[in-house]
Amino acid sequence: MSATRGTKALTPPEIVARKGRTPLVCLTAYTTPIAQLVDPHCDVVLVGDSVGMVLHGLPSTLGVTLEMMIMHGQAVRRGLERALMVVDMPFGSYEQSPGQAFDNAARVMAQTGCAAVKLEGGESMAETIRFLAARGVPVMAHVGLTPQAVNALGGYRVQGRGDEADRIRRDAVAVAEAGAFAVVLEKIPEVLAQRITQEIAIPTIGIGASPACDGQILVVDDMLGLFGAFRPKFVKRYAELGEAASAAIAAYSHDVRERRFPAAEHVFGDEPKT
Ligand code: KIV
């Protein structure tokens, strides 16, 4: 598997240069066909560890492994030409030490061809981000609601209300100063997102964090109406593909039971030539 991207692909410095300019369009992708669909419209495509919940039916992102991220990263890589590709570091693959984070991030980059990795955490991860950035690993940080800490946080609730606001602000400042090239702000109030966006020099990418951010990201299956197990209030659905697929499968089932299929001789002859 090639570890390099085409020359047309956006780079982390180009993403940084978009700070305060045209908002950054970001989506997740986990497969080649979805990567091909989102690439022409997106600046950043994230192979998120949300893949565990969305495609593998896991109850949280905690069970996602490095091998899963690498396999989905390789699939997404085959579908991208223009967008910057970022792969999530899964729970347990980077928190122990900067050295552990570097070894695993290097493996992800070498085996998927992604240009950057994302990891969750603020002040507590600043040393690791500095270590990675100094060794050629561009890092997208993620503060506010950090789903890998769902147990410690007591659920997927809004972060940064009241006294918590300053802690989230310090987290964002710490990751920016440590050398992250962008930071995801998840599920925080608009006033806080606005303050952080004004204060730090790198782009903020919001998810449930208001239009005050420098860009937005959504889980692609959420915005397409393909993932029904969990529906965050901030997600606008741009399509109801789950309902459309269900109706199509029901129509197929009906046709099979009613024997409503073209006779075999009418469909022969369209096989690819060998
Ligand atoms: O895993 C994920 O998909 C994410 C984003 C939604 C930010 O972390």
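1. A residue counts as near a molecule if one of its heavy atoms lies within 4 Å of it. Keep that cut-off in mind for the ligand below. The model is predicted.

2. Start with the empty space. Rolling a probe the size of a water molecule over the atoms shows where such space is left. A search of the whole structure turns up one cavity of 30 Å³ or more. The largest cavity holds about 440 Å³ of space.

3. The lining of the largest cavity is made of 28 residues. Nearest the centre are Ser50, Pro147, Glu186, Ile207 and Val219. By class, the lining has 15 nonpolar, six polar and seven charged residues.

4. Which helix and which strands each supply at least two residues of this lining? The helix is H3 (51–54). The strands are S4 (116–120), S6 (182–186) and S8 (215–218).

5. Where does the ligand sit? The ligand sits in the largest cavity. Around the ligand are Thr28, Leu46, Gly48, Asp49, Ser50, Asp88, Lys118, His142, Val184, Ile207, Ile217 and Val219. This shell divides into five nonpolar, four polar and three charged residues.

6. Two residues deserve a second look. Ser50 and Ile207 are among the residues nearest the centre of the largest cavity, and both are also found around the ligand.

7. Ser50 has a polar side-chain atom 2.5 Å from an oxygen atom of the ligand. For Asp49, an N or O atom in the side chain is 2.9 Å from a ligand oxygen atom. For Asp88, a polar side-chain atom lies 3.1 Å from an oxygen atom of the ligand. How much of the ligand does the protein bury? Taken alone, the ligand exposes 260 Å², and the protein buries 95% of that.

8. Last, two backbone points to check. Lys187 is not a glycine, yet its phi is positive, near 50 degrees. Lys187 is placed in the loop between S6 and helix H9 (190–199).

9. Ser210 lies in the loop between strand S7 (204–207) and S8.

Key: Residues numbered from 1 in each chain as written. Predicted model: local features only at pLDDT ≥ 70, side-chain atom pairs only at ≥ 80, totals over all residues. Heavy atoms only, no water. 1 Å grid on protein atoms, 1.4 Å probe; cavity = no way out; pocket = protein on both sides within 12 Å on 5 of 7 lines; lining within 4 Å. Points joined across faces, edges and corners; volume = space filled by probe spheres on them. Helix = DSSP H or I, 4+ residues; strand = E, 2+ residues; numbered from the N terminus. Nonpolar A, V, L, I, M, F, W, Y, C, P; charged D, E, K, R; others polar. Polar contact = N/O pair within 3.5 Å; in protein donor to acceptor, adjacent residues only side chain to side chain. Areas by Shrake-Rupley, 256 points an atom, 1.4 Å probe, with all protein chains shown as cover. Sits in = over half its atoms within 2 Å of the grid points.
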